[in-house]
Amino acid sequence: MEKLSSPKITKEIVQKYNFKFSKSLGQNFLIDANIINRIIEGARISDGDYVIEVGPGIGTLTREISNIAKKVVAVEIDKNLIPILKDTLGDRDNIEVINEDILKVDVNKLVEEKLNGGPVKLVANLPYYITTPIIMKFLEEDVPVSDIVVMVQKEVADRMKANPSTKDYGALSVAVQYYCDVDIITKVPKTLFIPQPNVESTVIALRTHKSPKYNLKDKSLFFKVVKASFAKRRKTILNALSSYDLKLSKEEIKDVLKEAGIDEKRRGETLSIDEFAHLSNIIYEKVL
Ligand code: SAM
């Protein structure tokens with residue numbers, strides 16, 4: 001069978017089923033075998049792997065993953081794609097398609113029931129309107145995921161990978177890098193999709209830390225401090241933290257910053273994750 005990624009086959013399937021692309025569901029199907037290989041290589045898929053794919057579309061990437069992996073569970077929201085997926089993937093016994101909204105799925109339960117309890121890899125060409133919520137769901141809900149290798153909008157990949165004191169560095173960079181090491185796999189031009197999206201894309205690999213890299217006394221306080229520091233980008237760290245509800249007076253925040261060895265005139269966007277961790281641990285002691 002010719003690969004589903006061939007533009008000709010993709011067009012034939014779309015026509016055969018009279019499938020109408022939904023812009024609001026972020027439906028841009030990949031039509032390039034080379035990029036699919038890059039995604040699979042980036043995910044370092046081997047024959048023992050359990051994989052979750054979000055949004056299989058017509059099954060192009062799913063089929064290639066299933067050539068190597070032990071099992072793939074593909075979660076697709078669009079019921080119009082389900083009969084197509086039965087057609088394109090029906091001959092595979094290591095693929096299970098679930099017709100659900102990934103944001104409503106209890107992923108830990110899914111991993112327990114259908115993916116051998118994990119660890120799993122998340123491999124996907126993500127719908128761009130919910131890229132960040134999907135990735136953060138996997139990370140914050142402590143899904144046992146070792147690698148997240150996904151196609152995202154280029155700007156989002158740049159923010160996830162960004163270092164302190166750059167224009168792209170923000171709360172998303174800290175949130176992702178708190179949990180993962182980040183590698184850019186490849187850029188992907190618009191022309192390799194049907195229909196073409198309005199934005200350029202990047203395949204990014206997030207490798208989750210095997211054990212927590214940062215020693216935090218209170219994770220939710222850490223994220224509160226990060227959010228406060230980036231809420232007003234032009235303010236100094238002292239003013240940003242003072243105008244946020246951290247239950248500390250300006251004087252107390254001055255003391256905290258001094259104790260953390262952070263100049264109060266610095267801007268939040270210059271702080272490394274280590275510094276945010278240290279700062280939030282000191283604040284934790286103060287508000288006790
Ligand atoms: N994997 C296919 C490919 O690479 O050609 C399709 C990728 S397309 C960018 C995104 C897919 O995610 C679509 O099939 C879309 O219907 C699906 N999708 C959108 N929102 C979803 C959600 N909340 N839960 C699960 N799937 C979703």
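Predicted model: local features only at pLDDT ≥ 70, side-chain atom pairs only at ≥ 80, totals over all residues.
## Confidence

Let's start with the scores. The chain has an average pLDDT of 96, and 100% of the residues reach at least 70. For the model as a whole, ipTM is 0.99 and pTM is 0.96.

## The nonpolar core

The largest nonpolar core holds 77 residues, and the members that touch the most others are Val51, Leu122 and Val150. Strand 6 is the biggest contributor, giving 6 residues to this core. Both domain 1 (7-208) and domain 2 (219-287) supply at least three residues each. As general background, nonpolar side chains in soluble globular proteins tend to be buried together.

Setting aside neighbours within four places in sequence, valine 51 is in contact with Ile45, Ile65, Ala69, Val72, Val120, Lys121 and Val123.

## Helix 7

Helix 7 spans residues 154-161, and its buried residues are Val156, Ala157, Arg159 and Met160. These four lie on the same side of helix 7 because they cover an arc of only 160° around the axis. They pack against helix 6 (131-140), strand 6 (145-153), helix 8 (171-179), strand 7 (180-188) and strand 9 (201-208).

## Leucine 4

Leucine 4 sits in the segment before helix 1 (7-16). It counts as buried because it has 23 C-beta neighbours inside 10 Å, where the cut-off is 20 or more.

Beyond neighbours within four places in sequence, the contacts of leucine 4 are Ile9, Thr10, Ile58, Gly59, Thr60, Arg63 and Thr88. Isoleucine 58 is 54 residues away from leucine 4 in sequence, yet their C-alpha atoms are 8.0 Å apart in space.

How values were computed: Residues numbered from 1 in each chain as written. Buried ≥ 20, exposed ≤ 12 C-beta atoms within 10 Å, placed from the backbone. Helix = DSSP H or I, 4+ residues; strand = E, 2+ residues; numbered from the N terminus. Arc of directions from axis to C-beta. Contact = placed C-beta atoms within 7 Å. Core = buried A, V, L, I, M, F, W, Y, C linked by C-beta atoms within 7 Å. Domains from an automatic or database assignment. pLDDT = per-residue confidence, 0-100.
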